Amino acid sequence: MRIPRRALAAAVVALVLPLSACGSGGNDSGSTDASGKVEGDITFQTWNLRANFKPYFEGLVADFEKKYPGTHVKWVDQPAEGYADKISADAAGGTLPDVVNVSPDLVAPLAKAGLALDLDKAAAKYKKEYLPGAWASHEIPGMEGTYAFPWYLNTGPLFYNKSLFKEAGLDASKPPKTYDELFDSALELADKSDGEVATLANVPTIEDFGRYGVELMNEEGTGFAFNDAKGVELLTKYKELFDAKALDPQALTATPESSGKKFLTGAVAMNPGSALDLGNFKKQAPNLYKNIGITDQITSTGKVNMYVMGVMVNAQTKQKPAAVAFAHFVTDAQNQMSFAKKVAIFPSTAGSLDDPYFTEQDGTDETRVRIAAAKSLTNAVNYTPVLFSEQMKTELRNNVAKALQGKSSPKEALDNAVKACDRLLRQQG
């Protein structure tokens with residue numbers, strides 16, 4: 001998958017795959033046994049990684065084939081655009097590669113269709129090698145099992161513009177640490193700037209509700225629950241910010257890219273990001289870079305949001321031992337660490353985040369962000385439910401917009417969003 005400027009923004013591109021076999025949970029090959037000799041030809045598919053990382057993956061494949069003589073790995077890479085549609089077409093046509101780069105939302109329909117191998121059965125011996133939260137990110141509510149090896153992770157801090165804080169009479173050395181402090185600071189910034197400076201540029205997403213401590217789904221995974229009192233409380237706060245211009249008026253149609261531009265130009269005081277952003281600030285907005293403040297993600301749960309990529313094994317592969325061995329090889333500690341040093345991402349393997357690369361300061365902001373992010377990842381969670389599709393995100397966004405515009409109350413908006421998302425959930429099979 002592509003690794004964009006924002007903290008794996010594309011990692012949360014969720015599309016429900018229209019698989020006709022939805023709901024069976026079994027697979028035609030019938031076996032989760034991956035024991036036996038590692039040999040034969042397999043195909044490995046990545047998600048828009050060839051352009052930037054061709055030598056890395058060619059080396060990875062060569063190392064695996066050297067370790068297991070008699071194996072041959074064909075590496076294919078698909079563009080970011082239409083990736084979910086490509087997987088859907090391959091799944092329907094019986095041409096899904098043996099090993100596939102996925103995000104949790106892409107795994108869910110494949111697992112339901114019996115096309116994703118249950119690694120709790122086929123590869124249980126490897127489970128302890130990974131961070132518990134990362135391994136759990138490819139579990140599917142309502143189903144038993146784990147359906148992909150966790151691969152690279154990302155998270156990031158909250159950046160803020162110190163000069164905007166100072167101009168509003170706020171202490172730039174003490175950024176908000178709680179939601180109450182965030183909302184109070186935002187209202188103050190808007191008031192002092194006569195509505196010229198917003199603090200936030202995005203409406204709340206499902207992950208924001210998760211960070212706020214809202215229960216997102218019932219335990220069975222059969223229905224959504226973000227219209228509870230806590231969910232309504234968060235949306236009510238955002239309505240207050242919107243009315244006071246503390247939330248950017250264009251937030252209703254904002255993308256992560258447009259929000260980032262607002263932050264770059266000093267129109268917004270705070271923006272989430274990753275270590276990848278610092279280089280961008282330095283290049284495109286040196287004045288902002290001089291005044292950049294870096295603080296932790298704000299949560300009510302004590303756990304930050306984690307984006308996670310995975311590597312899935314096709315349950316119907318004819319080369320299960322080789323496919324499982326290769327998926328594990330791609331995601332083992334040594335290879336993940338090697339990849340993490342090429343780009344600002346983080347390994348999902350247990351103990352890797354204790355490496356000096358993620359713990360020792362060298363005085364640069366980039367390292368400071370990397371170390372803070374690595375520390376937070378040890379107990380981070382992926383708040384976006386794996387069953388939360390792109391259509392569901394649109395329903396939530398549309399209903400949030402109605403509440404912010406005063407066309408419905410926060411309670412009505414979230415009730416309607418939950419109703420629509422539950423209906424879409426039932427259609428998934």
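My notes follow, from the whole chain down to single residues.

**Ground rules**

I am working with a predicted model, where local features need pLDDT of at least 70 and side-chain atom pairs count only at pLDDT 80 or more, while totals for chains, interfaces and linings use all residues. Residues are numbered from 1 along each chain as its sequence is written, and side-chain values use heavy atoms, with hydrogens and water left out.

**Entry 1: the whole chain**

I began with the secondary structure, and the chain has 17 helices and 8 strands. Both are DSSP runs numbered from the N terminus: helices are H or I with at least four residues, strands are E with at least two. The radius of gyration is 22 Å, close to the 22 Å that the globule rule gives for 429 residues, so the chain is as compact as a globular protein of that length. (That radius is taken over C-alpha atoms, and the rule is 2.2 Å times the number of residues to the power 0.38.) Along the principal axes, the C-alpha atoms fill a box of roughly 70 × 50 × 30 Å.

How much of the chain is buried? I found 57% of the 429 residues. Buried means under 20% relative accessible area, exposed means over 50%, and partly exposed is in between, with a 1.4 Å probe and protein chains only.

I also looked at contacts, meaning heavy atoms within 4.5 Å. Among those between residues at least 6 apart in sequence, 78% join residues at least 24 apart.

**Entry 2: the cores**

Next I went looking for nonpolar cores, which are sets of buried Ala, Val, Leu, Ile, Met, Phe, Trp, Tyr and Cys residues joined through side-chain atoms within 4.5 Å. The largest has 127 residues, and Phe57 and Phe226 touch the most other members. Helix α13 (residues 320-330) gives the largest share of this core, 8 residues. Another core, of 12 residues, lies apart from it and includes Phe159, Phe263, Ala285 and Ile294. I jotted down a general point here: in soluble globular proteins, nonpolar side chains tend to be buried together.

What does Phe226 touch? Leaving out residues up to four places away in sequence, I noted Leu396, Leu414, Ala417, Val418 and Cys421 among its contacts.

Helix α17 (residues 410-427) has 18 residues and reaches 26 Å from its first C-alpha to its last, close to the 26 Å expected at 1.5 Å a residue. The expected span is 1.5 Å times one less than the number of residues. Its buried residues include Leu414, Ala417, Val418 and Cys421, and the buried residues of α17 pack against α8 (206-212), α9 (229-243) and α16 (390-404).

Helix α16 has 15 residues and reaches 21 Å, close to the 21 Å expected. Leu396 is one of its buried residues, and the buried residues of α16 pack against α8, α9 and α17. After α16 comes glycine 406, with a positive phi near 80°.

**Entry 3: strands**

I checked pairing, which needs at least two DSSP bridges between two strands. Strand β4 (residues 149-154) has 6 of its 6 residues buried. It pairs with β8 (residues 307-313) in the antiparallel sense over 4 bridges, and phenylalanine 149 stands opposite valine 311.

Strand β5 (residues 158-161) pairs with β7 in the antiparallel sense over 4 bridges, and asparagine 161 stands opposite isoleucine 292. In β7 (residues 292-295), Ile292 and Ile294 point one way and Gly293 and Thr295 the other, and all are buried. As I noted beside this, side chains in a regular strand alternate between the two faces of the sheet.

**Entry 4: single residues**

Which residues other than glycine have a positive phi? I wrote down asparagine 48, near 55°, and lysine 245, near 65°. Asparagine 48 is in the loop between β1 (40-47) and α1 (50-67), and is partly exposed at 30% relative accessible area. Lysine 245 is in the loop between α9 and α10 (256-264), and counts as partly exposed at 44%.

Last, I looked up lysine 74, in strand β2 (residues 71-78). Lysine 74 is partly exposed at 49%, and touches Ile42, Thr43 and Phe44, not counting residues up to four places away in sequence.
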